[in-house]
Amino acid sequence: MPQKQPNILLILADDMGYSDLGCYGSEIKTPNLDRLAAGGLRMSHAYNCARCCPSRAALLTGLYPHQAGVGHMINNRGTRAYQGYLRDDCATLGEMLREAGYLTGLSGKWHVGGYWARIPEARPTWAFGDPTHPLPTDRGFDRFYGNPAGGGSYFNIMPLVDQDTIIDTPDGFYTTDNYTTAAIGMMDEAMDAQKPFFVHLCYNAPHWPLHALPADIEMYRGSYQRAGGWDVIRTERHERLKGMGTLNPKWPISLRDPAAPPWADNPHKDWDDARMSVYAAQIDRMDQNIGRIIRNLESRGALDDTLIIFVSDNGGSAEFLKEDGAGRKQREPSTTRDGEPVKIGNRVGLKPGGPETFMSYDLPWANMSNAPFRLFKVWVHEGGISTPFIAHWPNGIGRELQGGCRQEPCHFIDIAATLIDLARARYPSEVDGRAITPIEGESFRPLFAGREWNRSRPIFWEHEGNRAVRDGKWKLVRRFPGPWELYDMVADRTELNDLSGRYPDVVSDLARQYDQWAMRCEVLPWEQIIARK
């Protein structure tokens, strides 16, 4: 292992499913991420927290989301576990790595800084400096460029912030391109100053809305209908995953989700092909931009000394946007930069992709994105929490390991612990006299040297009443408000054979551990959280 501190680039995709990359079985063209995987290490059992902001809070702190203050989303529910912004008894990677001598930067989506209130048809404002609405620059990042709230238009994101100032989106703006340019600038600044960098690049791709550039869309237009739609492609992805050694060939693919019709019965094949083509184009564009980063690091002679980690914040999203926009708060301008009205919703026949539309790709395609697993973003079955994981570090990952895939379960909190370890940073016991919650993550640094590693403690999840525990081969999981289910992850990772009736003692033991964890982490019953709305 190298002695000096590595540069660290932590890339986070948004709402991207387990099998959406070429190196995880996809037909989508991702040659740059595939290159990183071939020269690095993949993890088969890497887990997020099932939703955007809870995952971000865990990744930034090494704590479970409730311990970091983001137990649900960014609305303040009146308790510190659900306050909707990072707590002051947690420390961020930005804070810890800056203390260790790194230049720290965050480019893209923040989404752990409280609720962003918007006034329709007016320029949004934010109480910068308000401790209940921290920016990255308030939590250890030297540089910030991006969106402190959530999602929005790829062509006119609101708000766009540079450091602590709201700026207008420039001509030709597209989030994926501009976030990459800013991240490259942060890396260059550090290298020019001969300092190691920690840059957290948080793309909003491929989260809805379906916004992509015409040339990228054209590469995929018609291909999904010609290939046979979501049923055929989902099966093909599963077969490729098995052939790559990523998944056990004995694990059968889960059945098509009951809410997804057979492709053969779909009366809107042309339109659904168009929607998936835009989604694929969003991922393709992200990969193109990662290629820009690779080339820049190569030109600076820094690629071999840079640890690049790529993950997604949750599984593919089955969220449907109603045709009139009802049922969701508007997070985008009602008109484009050119003054055209924005049509919100999945309107059959409306061509997706441009800034004048605001659509999602919907449940059947999300079911394909999460192949071969069940369920989606929000749920804690494997389809909601499984992420592709790529680590590339030529000077830190043994040559004999490069191109391989490890099967040990790990979680976002472990990524944070590993980066602290590799950066030779210190996890603090207190900051400014405030006690800091002890880290929950465990460093998997030994894997980079080819040694054995397994978590010493179980992994826990809770989101909107959906609960799970993973301890060794066992996973106990509940889809709210249903009962506990039990699965053997060695024999049945696609969660098709519920063993709860056969092993009641295992259910009781894991449920007891969950209850102890929930009490320790201030997790409340979902019914109580709903009542606080």
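**Close-up 1. Helix 3 and strand 16 at the second largest cavity.** Helix 3 (65-68) and strand 16 (459-463) each put at least two residues into the lining of the second largest cavity. Helices here are DSSP runs of H or I with at least four residues, strands are runs of E with at least two, and both are numbered from the N terminus. This is a predicted model, in which local features need pLDDT of at least 70 and side-chain atom pairs count only at pLDDT 80 or more, while totals for chains, interfaces and linings use all residues. Residues are numbered from 1 along each chain as its sequence is written, and side-chain values use heavy atoms, with hydrogens and water left out.

The top contributor is strand 16, with four lining residues. The whole set is Cys49, Tyr64, Pro65, His66, Val380, His411, Phe460, Trp461, Glu462, His463 and Trp517. By class that comes to seven nonpolar, three polar and one charged. (Ala, Val, Leu, Ile, Met, Phe, Trp, Tyr, Cys and Pro count as nonpolar, Asp, Glu, Lys and Arg as charged, and the others, Gly among them, as polar.) The space inside is about 50 Å³. On a 1 Å grid over the protein atoms alone, a cavity is a set of points where a 1.4 Å probe fits but cannot get out, whereas a pocket is an open set with protein on both sides within 12 Å along at least five of seven lines; lining residues have an atom within 4 Å of a point. Grid points are joined across faces, edges and corners, and a volume is the space filled by probe spheres set on the points.

Close-up 2. Strand 16 and strand 17 (residues 466-471) are antiparallel partners over five bridges; two strands pair if DSSP finds at least two bridges between them. Phenylalanine 460 sits opposite valine 469 of strand 17, and Phe460 also turns up in the lining of the second largest cavity. Contact means heavy atoms within 4.5 Å.

Proline 206 is in the loop between strand 7 (197-202) and helix 6 (214-218), and proline 209 lies in the loop between strand 7 and helix 6. Aspartate 15 has a positive phi of about 65° although it is not a glycine; this aspartate is in the loop between strand 1 (7-13) and helix 1.

**Close-up 3. Helix 1 against helix 9.** The axes of helix 1 (residues 31-38) and helix 9 (residues 269-299) come within 7 Å and cross at roughly 55°. That makes helix 1 oblique to helix 9. (Angles under 35 degrees count as roughly parallel, over 145 as roughly antiparallel, 65 to 115 as roughly perpendicular and the rest as oblique; axes are lines fitted to C-alpha atoms, for helices over the stretch in contact, and angles run from 0 to 180 degrees between N-to-C directions.) Helix 1 touches with Pro31, Asn32, Leu33, Arg35 and Leu36, and helix 9 with Asp287, Gln288, Ile290, Gly291, Ile294 and Glu298. These contact residues split into five nonpolar, three polar and three charged.

**Close-up 4. The second largest pocket.** This pocket has a volume of about 570 Å³. Of its 27 lining residues, Cys90, Glu95, Arg139, Val431 and Arg434 are the closest to the centre. Helix 4 (93-99) and strand 14 (430-431) are the elements giving two or more residues to the lining, and helix 4 gives the most, with four.
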